[in-house]
Amino acid sequence: MDCATEETEIRHALSALDGIRGLRFLLAERILAIDAETAALNSALAAIRRLGFNPEPISPDHRPSAAQTRAERRRERLRLAGSLALAITAELLHLVVPAYPGHELLEIGIAIAAIALAGFSVFRKGLAALRQGRLNINALMSVAVTGAFLIGRFPEAAMVMALYAVAEAIEARAVERARQAITSLMALAPDQAEIRQSDGRWQRVSATAVAIGAVVRVRPGERLPLDGTVLSGESAINQAPITGESLPVDKRPGDGVFAGTINQGCALEIQVTAPASHSTLAQIIQAVEEAQASRAPIQRFVDRFAARYTPAVFVMALAVALLAPPLLGFTPLQAIYKALVLLVIACPCALVIATPVTLVSGLATAARRGIIIKGGLYIEEARKIKVLALDKTGTITLGQPKLVAFSPRQEGADAGALKQLASSLAERSDHPVSRAVAAGLDGERLAVEAFEALPGRGCAA
C-alpha cells in the first residue's frame, strides 16, 4: 500500500464484504488492521489479492524493524535509479544516435528493462483493475504505456513509466516522513526498566513485561519507562515531552509521573500504575496514528471526484482516438498517440495524491513539534481561525531560566566572592535554576565538599 489512492481502492473493495466489523489504515507504516470474523478475513485477503496486492500478515506485536525498512528503501532507490537511467539511455539512443542495423531492437530491449524495473507493480494492479472493470490511475498508466509501446514509441513508454515510478517514490517518502513522527514518539520511553525483585535485588527487564504494582527505580538523567506514582525520593521531572510544561516539575512521594519524562535530580522509586501499552505516552501515539488514519471532508470529496473524473478521462481519450481521424484529418496512428498523451497529462495523480499527503505531512510536522492534532478535519477547519490565544509558558517563549542580573543583597558585600560561591555551589546541582546560575556566572570556581541538595530551599556544603 504505497499511497492514499491504493488505500481508497482497498477500502472500497472491503466495504462491500459481510462480516467485517472495522478497518484501520496506518498508511505511514503500510499496515491495515482488519477487525472481522475468520471467514470474512479470508474473503478480505482474497479481495485484496484480486486488486493486485500481496498482503503479508504480521502479528500485532511485530512490525518491520528499522533495519528492514532501511534495506527495503535502499533496494527501492536502486531499482528506480536503474529504471530512470535505462529510460534516459533509450531516449538518447532514439534522439542522438544515428540509425543503424538493429538499433530498434536495442531500444526495445532497454525500454522493456526500464518498464520492468519501474512498472511491474503498476501493470499488475492496472490489469487487475481492468479485469474488474475499474478505471483507476494504475489502469490509466498501464493502458498509456502499453499503447505507446505498441505504436513504436518505446523510449517514451519507458520514460513515462520511470517518471511515474519516481513520483510514486516521492509520495511514499512524504508518507515515510510522517511515520518518523510516530517513531520519534515511541523512542521517548526506554525499552527496559529497572524492577525491584521479591528478594530486594534490582533487575532490568523489558518495559512491556512490567506489571501494574511493580516498583521501578529511575536514576538521575534517565527517562521514566512507565506511568506511576512516586514511592520514595524527591526530584525535578522534565515533563515537556508529554505535557508541554517548559519548566521541570518537582515530584515528591505520592505524586504521579509519566512515561517518557526525564528525571533531572535524585533517584526515584516509582510504583507502576499502567502497563506500557496503556501509558499516557502510548495513548498519545495512538491518537497520532488515529489522526493520520482519519479522513478529512476535503479528502472524501477528492475521492468522489476522482471516481468520476478518471472514467471521464478514459472516455475522452477513446473519443480522440476514434473521432480525430474523420473530424481533424489525423492518421489513425496520430490519433492513438494524441489519445495516449491525453491519458498521461489528464491523469488525476496530483489531485488524488496531494490532498492526503498534505494532511498526513501536516499532522506529522505538528507531532514532531509536540503538537497533537486529532485529525485532518481540524487542519481543514483551522483556516477559519481569526484569533489565537496562548496561555502556557514555553508556547511562545523559550521556557528555560536564564540569569539576567546579579546584585548582592547587603551593601558593601564583596560581589566577586559572592559570585564565586554562588557559581561553585550551583555547578554541583542539577536543578534548572542552579544550572541557569552556573551558566550565567563565569570565573574560577571553588572546590565543594559534602554537597547536599535541600529540596525547596536550595543547597548546602
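The structure is a predicted model, in which local features need pLDDT of at least 70 and side-chain atom pairs count only at pLDDT 80 or more, while totals for chains, interfaces and linings use all residues. Residues are numbered from 1 along each chain as its sequence is written, and side-chain values use heavy atoms, with hydrogens and water left out. The protein chain holds 14 helices and 13 strands; helices (H or I, at least four residues) and strands (E, at least two) are DSSP runs, numbered from the N terminus.

**Overall make-up**

- Of the 461 residues in the protein chain, 37% are buried; buried means under 20% relative accessible area, exposed over 50%, and partly exposed in between, with a 1.4 Å probe and protein chains only.
- The accessible surface of the protein chain is about 25800 Å², and carbon and sulfur atoms account for 59% of that surface. Accessible areas come from the Shrake-Rupley method with a 1.4 Å probe, and for residues only the protein chains shown count as cover.
- Among contacts in the protein chain with a separation of 6 or more, 63% are between residues 24 or more positions apart; contact means heavy atoms within 4.5 Å.

**Nonpolar cores**

- A nonpolar core is a set of buried Ala, Val, Leu, Ile, Met, Phe, Trp, Tyr and Cys residues joined through side-chain atoms within 4.5 Å.
- The largest nonpolar core has 30 residues, and those touching the most other members are Ala87, Ile115, Val145, Ala158, Met161 and Leu343.
- At least two residues of this core come from each of α3 (66-95), α4 (103-131), α5 (137-150), α6 (154-186), α9 (297-328) and α10 (332-345). The most come from α6, which gives eight residues.
- Not counting residues up to four places away in sequence, Val145 touches Ile115, Phe123, Ala157, Val160 and Met161.
- A second, separate core has 14 residues, including Ile195, Val218, Leu224 and Val257.

**Strand pairings**

- Two strands pair if DSSP finds at least two bridges between them.
- β3 (residues 192-196) pairs with β4 (residues 202-206) in the antiparallel sense over five bridges, and Arg196 has Trp202 in β4 as its bridge partner.
- The hairpin formed by β3 and β4 has five residues between the strands, and Gly200 in the turn has a positive phi of about 90°.
- β3 is also joined to β5 (residues 215-218) by two bridges, and these strands run antiparallel. Glu194 has Arg217 in β5 as its bridge partner.
- Three strands in the order β8-β7-β10 form an open sheet with antiparallel pairing. The edges are β8 (249-251) and β10 (262-263), each with a single partner strand, so one side of each has no neighbour in the sheet.
- Two bridges connect β7 (residues 235-238) with β10, and Asn238 stands opposite Ile262 in β10.

**Surface patch and Leu92**

- Ile88, Leu92, Leu95, Val96 and Val97 make a nonpolar surface patch of about 460 Å².
- Leu92 lies in helix α3 and is partly exposed, with a relative accessible area of 46%.
- Patches are made of residues with over 30% relative accessible area and no salt bridge, with like charges joined within 9 Å and nonpolar side chains (Val, Leu, Ile, Met, Phe, Trp, Tyr) within 5 Å. A salt bridge is a side-chain nitrogen of Lys or Arg within 4 Å of a carboxyl oxygen of Asp or Glu.

**Ala426**

- Ala426 sits in helix α13 (residues 415-428) and is buried, with a relative accessible area of 6%.
- Leaving aside neighbours within four places in sequence, Ala426 contacts Ser434, Val437 and Ala438.
- Ala426 and Val437 are eleven residues apart in sequence, and their C-alpha atoms are 6.3 Å apart.
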